[in-house]
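Please examine the structure shown below.

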Protein chains: 2
Amino acid sequence: MAYELYYWNGLQGRGEFVRLALEEAQAPYVDVARVHADGLGESAMLAIMNSRSEPHLPFAPPFLKDGQLIVPQTANILLYLGQKLALAPDNDLRYVVHGLQLTIADVVTEVHDTHHPIASGLFYEDQKDAAKARASDFLEHRLPTFMRYFERVLAQNPQGDAHLVGNTLTYVDLSAFQLIEGLYYAFPRAMKRFATRYPRLTALREAVAARPNIAAYLASERRLPFNETGIFRHYPELDQST
Amino acid sequence: MAYELYYWNGLQGRGEFVRLALEEAQAPYVDVARVHADGLGESAMLAIMNSRSEPHLPFAPPFLKDGQLIVPQTANILLYLGQKLALAPDNDLRYVVHGLQLTIADVVTEVHDTHHPIASGLFYEDQKDAAKARASDFLEHRLPTFMRYFERVLAQNPQGDAHLVGNTLTYVDLSAFQLIEGLYYAFPRAMKRFATRYPRLTALREAVAARPNIAAYLASERRLPFNETGIFRHYPELDQST
């Protein structure tokens with residue numbers, strides 16, 4: 001049976017980290033909220049979230065449905081799919097992969113908060129000054145701290161620097177690719193010297209983009225473009241000035 | 001061999017969620033940074049984080065060392081210990097437990113950001129106005145949204161409302177207790193009607209506090225008091241006014 005992915009229609013957002021894993025593994029899946037058909041669409045997603053009888057309620061999208069099981073939270077979905085789709089080690093190194101994924105999730109939250117530092121329920125325009133301050137701190141301090149860390153993880157991988165863990169692809173490599181793509185979209189000026197500063201992360205990004213299933217996906221209509229409703233938003237006034 | 005927990009000395013912080021699991025299970029552990037002895041203390045923690053040869057670098061504390069394996073990220077540590085210490089289901093419901101834990105982690109991050117909405121590297125005093133705005137939104141919108149959700153999860157648990165998942169204790173019950181404790185400490189005015197509004201969460205909180213191993217731990221010197229260096233900080237000006 002096909003996996004059912006539930007995520008808001010019209011944006012990459014956190015759902016994209018899951019899509020990349022499903023696409024790489026060529027797993028059958030339905031992107032439920034994007035299908036206009038009876039019993040599908042965003043109303044099907046909201047029906048689960050508002051259900052008064054569902055025993056395992058998700059707090060928010062994305063969530064994955066596999067038969068009766070509902071798996072919520074991006075990193076948790078990848079943990080689950082990692083085992084099912086052979087995109088994670090089948091030994092204790094799975095916890096190393098998952099730890100890195102949770103650190104990527106932390107970066108994603110911080111990126112979100114560059115445009116919504118005060119309230120996720122308010123418009124960006126209503127928190128622009130705070131957003132400028134938070135984005136400035138993120139680009140000056142947090143982003144280099146995180147990227148130096150991931151570059152070190154690659155450099156110190158005893159099995160070589162082609163993957164974050166071990167010597168084969170795992171879901172966290174795919175997520176690192178997506179994170180870097182998003183950062184380039186949101187902050188092109190701040191990312192200008194990224195390739196020079198982080199050669200291993202850059203090589204990983206290029207290697208993932210060149211994987212046949214990923215390349216086919218990125219060229220397809222299934223890959224939504226980045227836009228200003230997602231996590232990674234290009235607001236030039238939040239980017240570095242030079 | 002004893003588990004080694006690495007977390008900053010002097011605060012509960014994110015490390016406390018791990019301590020509660022270890023204490024409930026009576027698992028042998030060393031709280032490394034809190035021990036003043038050769039090879040231990042915060043310097044032992046920093047040595048791992050700064051290592052140029054460690055194959056599985058943690059980004060930040062807390063992390064757990066079990067033999068050679070380093071497991072980083074609070075929720076990931078609990079996922080690992082959940083299996084080892086029988087504090088999680090040994091079937092696919094483990095993903096339901098972990099999803100709830102990751103939602104608690106999201107609340108914890110939002111609580112942190114009530115006092116540090118702009119920059120984690122700056123003092124609270126340097127971002128006080130933004131903190132007031134963010135705390136106000138958190139208490140008015142986010143906290144009720146999260147708490148209504150967890151209350152519903154208890155109400156809709158087909159095995160009864162004594163636990164968040166299934167009919168036995170899991171690590172996420174312990175974390176829910178800690179979350180509620182922290183919220184009472186940080187925002188006593190906003191939490192005034194909590195017990196009336198969320199009777200199931202309140203019963204869970206009381207049941208966890210009454211567990212013999214938890215009660216003994218809370219009464220011991222190992223339980224640090226809440227303070228203004230942790231996640232949950234009591235700044236009266238950030239609490240609700242009535």
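In chain A of this predicted model, helix α4 (residues 93-115) packs with helix α6 (residues 171-186) at an angle of about 15 degrees, and their axes lie 9 Å apart. Helices (H or I, at least four residues) are DSSP runs numbered from the N terminus; axes are lines fitted to C-alpha atoms over the stretch in contact, and angles run from 0 to 180 degrees between N-to-C directions. Angles under 35 degrees count as roughly parallel, and α4(A) and α6(A) are therefore roughly parallel to each other.

Chain A is assigned domain 1 (3-85) and domain 2 (92-211 + 223-238), with bounds from an automatic or database domain assignment. The contact between them takes 17 residues from domain 1 and 23 residues from domain 2.

Chain B is superposed on chain A by a rotation of 180 degrees with 0.0 Å of shift along its axis (RMSD 0.0 Å), by least squares on the C-alpha atoms of residues with pLDDT of at least 70 in both. The two copies are thus related as by a two-fold rotation axis.

Residues are numbered from 1 along each chain as its sequence is written, and chains are lettered from A in the order in which they are written. Local features need pLDDT of at least 70, side-chain atom pairs count only at pLDDT 80 or more, and totals for chains, interfaces and linings use all residues, while side-chain values use heavy atoms, with hydrogens and water left out.

Terms used
Helix = DSSP H or I, 4+ residues; strand = E, 2+ residues; numbered from the N terminus. Parallel < 35°, antiparallel > 145°, perpendicular 65-115°, else oblique. Contact = heavy atoms within 4.5 Å.
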